[in-house]
Amino acid sequence: MRLLDWTRNYFAQAGLDAPRLCAEMLLSTALHCQRVELYARFNQEPSAAELATFRDWVSRAAKGEPVAYLVGTKEFFSLPFRVTPDVLIPRPETELLVENAVQYLRKLDGPSTVWDVCTGSGCVAIAIAHNVKTTSVLATDISQAAVLIATENTQTNKLADRVTCAEADLLTIPSAWPNPAEFDVITANPPYVGDAEEVGFSVDHEPAGALRAGPDGMDVIKPLIEQVPSFLKSGGLFCMEFGQGQADAVRDLIIATGQFEEPTIIRDMQAIERTALAKRK
């Protein structure tokens, strides 16, 4: 399809990551079809309205507006999630939180509980619940708008019976959670970008409150780590994502609590230290 080829080249020149995928996502959404159907419609001309929508999205994407916000959805851990500018766009490196939480939970006997802090779209909480049928998850965020999106995503993925979404500031138990006991796992993808740190031009469109956390990006991580031991069972697992260059500081903060075994730092697919795992003593 010439339109698709042209868009791919245009996005490549504009510096977008995965220009072919971006072009396919926008065109399939404008045509109200699946991406795989595009090539079966090779000779089909879009209607005037479809073409106008597509051209508008292409222009906005080339200027840095995230494709996920334009189409309104993003896949994470093979599940669909609605995303808006009120929440971060789920990223592959965040799947490390899910993978390690699921691996730990599957070794437990009986029901388990998880608290996903700074949940955003709810992607981590929902992916964990989807993969561990015996667990119940509390998903909290300080942003009311984010909690509404997370709630919608629990319904879309048919997990509203096991994932409770509520507004809360870090580790504050909301009244919506019926069981205030300690948790088996606590996961978190907190804001960790420094206030003056440069980010990709599309990332600037994502919510600053979910991204930036003070001069060194540690303003949320520090109090979060201090609070975690009070809500985690003995032997329970803490999984947290952090930013590039923060591994040593995160490790030191975890050890300084005196409540955890030696933490493990996991690298992402780009070999960047990205995730801390720590078991409570």
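Biologist: What ground rules apply to the numbers?

Modeller: The model is predicted, so local features need pLDDT of at least 70 and side-chain atom pairs count only at pLDDT 80 or more, while totals for chains, interfaces and linings use all residues. Residues are numbered from 1 along each chain as its sequence is written, and side-chain values use heavy atoms, with hydrogens and water left out.

Biologist: In which order do the strands of the open sheet stand?

Modeller: Strands of a sheet pair through backbone hydrogen bonds, either parallel or antiparallel. Strands here are DSSP runs of E, at least two residues, and helices are runs of H or I, at least four residues, both numbered from the N terminus. Two strands pair if DSSP finds at least two bridges between them. Seven strands form this open sheet, in the order 5-4-3-6-7-9-8. The pairing is mixed. Strand 5 (163-167) and strand 8 (264-267) stand at the edges. Each has a single partner strand, so one side of each lacks a neighbour in the sheet. Neighbouring strands are turned by 20° against each other on average, direction ignored.

Biologist: How many bridges join strand 8 to strand 9?

Modeller: Four, and the two strands run antiparallel. R267 stands opposite E273 in strand 9. I266 has T275 as its bridge partner there. Five residues lie between the strands of this hairpin, and A271 takes a positive phi near 65°.

Biologist: And which residue stands opposite K74 in strand 2?

Modeller: F81 does. Strand 1 (residues 73-76) and strand 2 (residues 79-82) run antiparallel, joined by four bridges. Their hairpin has two residues between the strands, and F77 takes a positive phi near 55°.

Biologist: Which strands does helix 5 touch?

Modeller: Contact means heavy atoms within 4.5 Å. Axes are lines fitted to C-alpha atoms, for helices over the stretch in contact, and angles run from 0 to 180 degrees between N-to-C directions. Helix 5 (residues 95-105) packs on the sheet and touches strand 3, strand 4 (135-141), strand 6, strand 7, strand 8 and strand 9. The direction of helix 5 makes about 160° with that of strand 7. Helix 7 (residues 144-156) lies across strand 4 and strand 5, at about 165° to strand 5.

Biologist: Which residues have the most contacts inside the largest nonpolar core?

Modeller: In soluble globular proteins, nonpolar side chains tend to be buried together. A nonpolar core is a set of buried Ala, Val, Leu, Ile, Met, Phe, Trp, Tyr and Cys residues joined through side-chain atoms within 4.5 Å. Buried means under 20% relative accessible area, exposed over 50%, partly exposed in between (1.4 Å probe, protein chains only). The largest core has 34 residues, and V117, I186, M240 and V250 have the most contacts inside it. Elements that give two or more residues include strand 3 (112-117), strand 7 (232-241) and helix 10 (247-256). A second, separate core of 29 residues includes L79, L97, V98 and V185. Leaving out residues up to four places away in sequence, V117 touches T140, L170 and L224, among others.

Biologist: Where is L138, and is L138 buried or exposed?

Modeller: L138 is in strand 4. L138 is buried, at 0% relative accessible area. D116 is 22 residues away in sequence, yet 6.1 Å away in space, C-alpha to C-alpha. Contacts of L138 beyond four places in sequence include V114, W115, P174 and W177.

Biologist: What about S121 in its loop?

Modeller: S121 sits between strand 3 and helix 6 (123-131). At 2% relative accessibility, S121 counts as buried. Beyond four places in sequence, its contacts include F81, R82, I149 and N153.

Biologist: What covers the buried residues of helix 2?

Modeller: The cover includes helix 1 (2-14), helix 3 (48-62) and helix 4 (67-71). Among the buried residues of helix 2 are C22, M25, L26 and L27. H32 follows helix 2, with a positive phi near 60°.
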